[in-house]
Amino acid sequence: MQHPFLQQDFKIQWSKLTADAVEPDIKHALQTAQAAIDSLAEPAQNPKTLTYFNTFAALETATEPLDHAWGLVSHLDSVCNSSELREAHNKMLPAVSQFSADIPLNKGLWEKLRSAAEGIDFDTLHPHQQRHIRETLADFREQGADLPPEQKDTVRKIQQELAQLTQAYSEHCLDATNAWEIYVTDKGQLAGLPASARDAARQSAAQKDRPDTWRFTLQAPSMIAVLTYADNEALRKSVWQAYTAIGRMSPHDNQPLVREILKLRNQLAEILGKEHFADFVTERRIVKTGEAALRFTEDMQQRISEQFKTETRALQAFKAESTGSPQEPLEPWETGYWAEKQQRAAYDFDEEALRPYFPIDRVIKGLFDLAGEIFGLRVEEGEAETWNPDVQYYELFDSNSDEMLGAFYADWHPRESKRGGAWMNYLITGEREPGKPRSPHLGLICGNLSAAIDGKPACLTHYEVETIFHEFGHLLHHLCGEVAVKSLNGVNVAWDFVELPSQIMENWCWERVSLNRFAQHFETGEPIPEALFGKMQAARNFRKASAAMRQLALGKLDLVLHMHWPKHEEELDAFVESQIAACQPAYKTKPKPNTFNFSHLFSSPTGYAAGYYSYKWAEVLDADAFTRFQADGILNPDTGRDFRQKILARGDAEDPAQLFRDFMGRDPEPDALLRRDGLL
């Protein structure tokens, strides 16, 4: 196949997307895109001939083939990483980064867009096209369109350096995670671990040709099980030390990379007229300024501080009482272990007791059934080639019209070639412009969840169930999009709004009526017993202040690094520790901050940088928005369709604050999250 990455097939031929095709295909796409940009940037013979369609809309389509092809390369780099693919990706990364950075810095193109905007009769355009003009002009100004030539050259250089530094950071995290493993040969050292964790470790060892041993890694299902359940303190300490060392040691040392990334981001912000990178990032988000984001974080921190301290002392007291030792701070590798025992003692509740009720296939089928009942959607398994045998392909339809709105791939289990965490992305944005034939969207959802063991179905923790619902919410945001301009569709919204559709979905993982749709024992098909459900509900807010404080600490770490560290360039660990000390419990062994293994902040040029606060910000929105479902009925289809039409379908077609008001009829209630979490 000639140029496999440039094919426009909706069902992608993944087996054709090989590493040796990356360079020729991306070079070809770059040449085509550059020719289109050069043509657009030529002065107009007559400014009166400039229209929305031959300027702003033309710019939208000029880079589509390149964006799609590079999106495929980047996706494969995340899920099928290999030395060949990594080399091909990194070889083309500078050219792709430079091309993207050059667009808003193109003097001729900028002058033409401004001239067109001045002459276009906005009243003749669709509202989405009007917003597209305003947002494009704002994008160009934000990225330096009005800078003098020398500063534009500096911006180009910074953007290219950031692309390469953040790619290296991401590779270091993946390689360091894969580099560590531990084999246990004595079954007695596995005391406390549930059968699911022991069986998974035995299967992992067998796959490495180490039968009769148990293999533990830094992949989430393995690591979390050890830190939560293993009675063997030496094993917990080994896993904890290895995880906290990611990004801190050669050959995977991210420390110099982070310092350089922070300096470059701050330099970029200053060139663009901002005090710091946080102001550059937040100017067009709901929060508006870095200082406002920090105030939000610190205000919530202060409001839960006493409950956080109470929880910390209670855990110390519980351990002291259980062991007959003096009350004192815990070791960081003890917290999860003793917290699980404290929860079990307080509520007679064992998280593992829920696992048999969450076989992944039934969870997914139940999720799809809920999407049908609430949002008027239908999901069917389809046939398509995938990038790995574990990946499944589905198609999404409107229940009433039977129109295929989109399709998606789901890739749920860990592999060494796959980056950690869970995420959603999109590959194709369908056509929704009035007067044109409609076409479907295409997206994907990925995770690193518990895998099947010895032929038994993969049974999930409740947190993993929430993860599936969360990522599916992001996916619906894309697949249900009805925006006439592709770049304004779906998840292309303000970063402190993007988590609303994902986080609101997690609420259905707690309601009895919705749980009954998917929480069924993998052997008997029975629902969660009432007694177990009651314990689950009673323990829902167990150590909630501690969990919230951890998220606030990460958000604050992010903000202070991008607001204050570049002005002083102190030793990074000492600086961060001083800034987030009030968010941390006292430990015997002081843990180092996770700055060098924080992919949200440093694995892409922007990503969640100066935006991690948005998780808590959007939790306020989701807690408040879900109160409407609670009032109208958890499965109320009218409320669900309203959410679909007023939030999911509209992407960035309007200011996100207005979208929230359209759905709720008012502004957000600031205390909604603290009330839901029992922290008010």
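Threonine 639 lies in helix α25. Helices (H or I, at least four residues) and strands (E, at least two) are DSSP runs, numbered from the N terminus. The model is predicted: local features need pLDDT of at least 70, side-chain atom pairs count only at pLDDT 80 or more, and totals for chains, interfaces and linings use all residues. Residues are numbered from 1 along each chain as its sequence is written, and side-chain values use heavy atoms, with hydrogens and water left out.

Threonine 639 has a relative accessibility of 2% and counts as buried. Buried means under 20% relative accessible area, exposed means over 50%, and partly exposed lies in between (1.4 Å probe, protein chains only). Threonine 639 is in contact with Arg628, Phe629, Asp632 and Phe663, leaving aside neighbours within four places in sequence. Contact means heavy atoms within 4.5 Å. Isoleucine 374 is 265 residues away from threonine 639 along the chain, yet their C-alpha atoms are separated by 7.7 Å.

Side chains of opposite charge can pair when their charged atoms come close. A salt bridge is a side-chain nitrogen of Lys or Arg within 4 Å of a carboxyl oxygen of Asp or Glu. By this rule the model has 54 salt bridges. One of them joins the side chains of aspartate 652 and arginine 131, at 3.0 Å from N to O. Aspartate 652 lies in the loop between α25 (637-648) and α26 (656-664), and arginine 131 lies in helix α6 (residues 127-142), so the pair ties together parts that are 521 residues apart in sequence. Both aspartate 652 and arginine 131 are buried.

A second salt bridge links arginine 344 to glutamate 340, at 2.8 Å from N to O. Both residues lie in helix α14 (residues 335-347), 4 residues apart, about one turn of the helix. Arginine 344 is partly exposed, with a relative accessible area of 36%. Glutamate 340 is buried, at 8%.

Arginine 438 forms a salt bridge with glutamate 403, and the closest N and O atoms are 2.7 Å apart. Arginine 438 lies in the loop between β6 (423-428) and β7 (441-446), while glutamate 403 lies in the loop between β4 (392-398) and β5 (404-411), so the pair ties together parts that are 35 residues apart in sequence. Arginine 438 is partly exposed, with a relative accessible area of 39%. Glutamate 403 also counts as partly exposed, at 26% relative accessibility. Elsewhere, Lys616, Glu619, Asp622, Arg676 and Asp677 are linked in a network of salt bridges.

Aspartate 25 lies in helix α1 (residues 19-41). Aspartate 25 is buried yet has no salt bridge. The nearest side chain of opposite charge, lysine 27, is 11 Å away. For charge, Lys and Arg count as positive and Asp and Glu as negative; His and the chain ends are not counted. The side chain of aspartate 25 reaches the backbone nitrogen of phenylalanine 5 at 2.7 Å. Not counting residues up to four places away in sequence, aspartate 25 touches His3, Pro4, Phe5 and Leu6.

The second largest pocket has a volume of about 370 Å³. On a 1 Å grid over the protein atoms alone, a pocket is an open set of points where a 1.4 Å probe fits, with protein on both sides within 12 Å along at least five of seven lines; lining residues have an atom within 4 Å of a point. Grid points are joined across faces, edges and corners, and a volume is the space filled by probe spheres set on the points. This pocket is lined by 17 residues, of which Trp617, Val620, Leu621, Pro668 and Pro670 lie nearest its centre. Helices α13 (290-323), α24 (614-632) and α26 each supply at least two residues of the lining.

Most residues other than glycine have a negative phi, and most peptide bonds are trans. A cis peptide bond joins serine 250 and proline 251, with omega about 10 degrees. Proline 251 lies in the loop between α10 (233-244) and α11 (255-271). Aspartate 212 is not a glycine, yet has a positive phi of about 65 degrees. Aspartate 212 sits in the loop between α8 (195-207) and β2 (214-217) and counts as exposed, at 69% relative accessibility. Alanine 610 also has a positive phi, near 60 degrees. Alanine 610 lies in the loop between α23 (599-602) and α24 and counts as buried, at 0% relative accessibility.

Notes: Polar contact = N/O pair within 3.5 Å; in protein donor to acceptor, adjacent residues only side chain to side chain.
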